[in-house]
Amino acid sequence: MLQQTTVKAVISYYERFLTHYPTVQDLAAAPLEDVLHLWAGLGYYARARNLHACAKRVSERGGFPNTVEELLTLPGIGAYTARAIAAIAFGRPVVPVDGNVERITARLNATEEPLPAARPLLAKQAALLNADPDAQSRPSDFAQALFDLGATICTPRNPTCLTCPWQTSCIAHARGIAAQLPAKQPKQTRPTRYGIHFLLHDSNGQALLRTRPPTGLLGGMDELPGTDWRSAPWSEDEALTHAPCLTDWTHRGEIRHVFTHFTLYLTVYEAYLPQSHNAGIDSSFGTFRSTTRAALPGVMKKCLALTKQTPETR
DNA sequence: GATCCGTGGGG
DNA sequence: TCCCCAAGGAT
């Protein structure tokens with residue numbers, strides 16, 4: 001959960017997750033659908049799919065591997081997580097390299113090569129950080145101390161070098177360039193995409209929902225039926241030709257959602273099916289289900305939040 | 001190596 | 001409002 005996600009955002013999800021799945025066997029035995037439901041809103045949903053697959057592997061092999069090499073073979077576990085588990089759970093003297101450790105390392109060594117090209121070099125330099133026997137004897141404490149140093153002192157902006165225990169050995173600080181490191185490659189502009197989605201209620205308080213393909217963007221998550229997300233905006237007439245059925249659609253509003261690599265604007269139409277008409281909708285648009293039981297990503301929760309809202313509350 | 005993959009908070 | 005960044009991994 002902590003991959004690319006802040007502790008604050010994770011905590012409530014983590015606690016709820018462990019309540020449902022106290023052991024790795026519990027997680028391995030759970031349907032992926034339930035796992036995605038518990039993950040909904042946290043983002044990077046491949047992590048949930050990988051964690052579930054990982055639990056199955058661990059359960060099948062009768063326990064967790066305790067070496068970096070074996071951990072690396074598990075789904076969702078890469079160079080960072082393998083070392084974090086090895087150090088924190090199994091006391092192996094390795095240094096997990098996350099964003100914090102990359103930043104600390106770049107500053108200690110005044111490494112000016114920009115990310116991401118500098119990553120292999122920073123990994124080699126970071127592996128030497130625990131050369132001190134005291135560090136080697138407490139791999140878990142040392143790893144977490146590095147995370148905390150990066151989170152509280154050696155921060156991305158305005159690092160508080162005055163209180164840093166490593167100030168005297170930091171080359172970047174000596175040169176007065178700590179705050180500028182690590183350098184980063186300029187990023188490309190984020191494109192914009194547009195889509196239309198339809199919120200159709202039946203007479204039982206359920207909504208028309210469909211499940212996205214198992215991999216890729218929002219893989220395995222649920223959504224309101226709608227159009228593709230394309231670079232050109234949709235006209236109202238064109239949009240309505242993609243509706244699940246002919247009925248009295250109300251333009252309910254628009255939402256904006258920023259993904260990692262594009263910004264999305266969605267227009268939402270809403271309608272209520274009369275009691276006698278909740279059949280005859282093509283299955284490609286989904287099925288009528290409870291929205292509270294669905295695995296809805298943040299972008300779809302925004303769409304649902306538009307229902308019956310007045311402009312003043314928006 | 002470059003891309004793809006969410007969401008929330010801080011400055 | 002906008003940009004940055006977060007206990008990264010897979011393809």
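This is a predicted model: local features need pLDDT of at least 70, side-chain atom pairs count only at pLDDT 80 or more; totals for chains, interfaces and linings use all residues.

User: How many helices and strands does the secondary structure of chain A have?
Analyst: Helices (H or I, at least four residues) and strands (E, at least two) are DSSP runs numbered from the N terminus. The C-alpha atoms of chain A fill a box of roughly 75 × 50 × 30 Å along the principal axes. Counted in this way, the secondary structure of chain A comes to 13 helices and six strands.

User: What share of the residues in chain A is buried?
Analyst: A residue is buried under 20% relative accessible area, exposed over 50% and partly exposed in between, with a 1.4 Å probe and protein chains only. Among the 314 residues in chain A, the buried share is 42%.

User: Which residues of α1 are buried?
Analyst: Helix α1 covers residues 7-20, and its 14 residues reach 20 Å from the first C-alpha to the last, close to the 20 Å expected at 1.5 Å a residue (the expected span is 1.5 Å times one less than the number of residues). An α-helix has 3.6 residues a turn, so residues three or four places apart point the same way. The cover over the buried residues of α1 includes α2 (24-29), α3 (32-39) and α4 (46-61). Those buried residues are Val10, Tyr13 and Phe17.

User: Which residue in β3 is the bridge partner of Thr211?
Analyst: Two strands pair if DSSP finds at least two bridges between them. Strand β2 is joined by three bridges to β6 (residues 287-289), running antiparallel, and here Ala207 stands opposite Arg289. Strands β2 and β3 also pair in the antiparallel sense, over two bridges. In β3, the partner of Thr211 is Asp222.

User: Why does Gly220 count as buried?
Analyst: Gly220 is found in the loop between β2 (207-211) and β3 (222-223). Leaving aside neighbours within four places in sequence, Gly220 is in contact (heavy atoms within 4.5 Å) with Leu36, Thr211, Arg212, Pro213 and Pro214. Gly220 counts as buried because its relative accessibility is 19%.

User: How many residues lie between β4 and β5 in their hairpin?
Analyst: Strand β4 is joined by eight bridges to β5 (residues 263-272), and the two run antiparallel. Within this pairing, Ile255 stands opposite Leu266 in β5. The number of residues between β4 and β5 in the hairpin is four.

User: Which residues come nearest to DNA strand B?
Analyst: A residue is near a strand if one of its heavy atoms lies within 4 Å of it. Of the 19 residues around DNA strand B, the nearest are Leu218, His257, Thr260, His261 and Gly298.

User: Which elements give two or more residues to the surface near DNA strand B?
Analyst: Polar contacts are pairs of N or O atoms within 3.5 Å; within protein, one must be able to donate a hydrogen and the other to accept it, and residues adjacent in sequence count only if both atoms are side-chain atoms. The elements in question are β4 (250-258) and α13 (298-304).

User: How many residues of the surface near DNA strand C are charged?
Analyst: A phosphate oxygen of DNA strand C is 2.7 Å from a polar backbone atom of Gly76, and another such distance is 3.0 Å, to Gln4. The surface near DNA strand C then has nine nonpolar residues and eight polar ones, while the number of charged residues is five.

Key
Residues are numbered from 1 along each chain as its sequence is written. Chains are lettered from A and ligands numbered from 1 in the order in which they are written. Side-chain values use heavy atoms; hydrogens and water are left out. Ala, Val, Leu, Ile, Met, Phe, Trp, Tyr, Cys and Pro count as nonpolar, Asp, Glu, Lys and Arg as charged, and the others, Gly among them, as polar.
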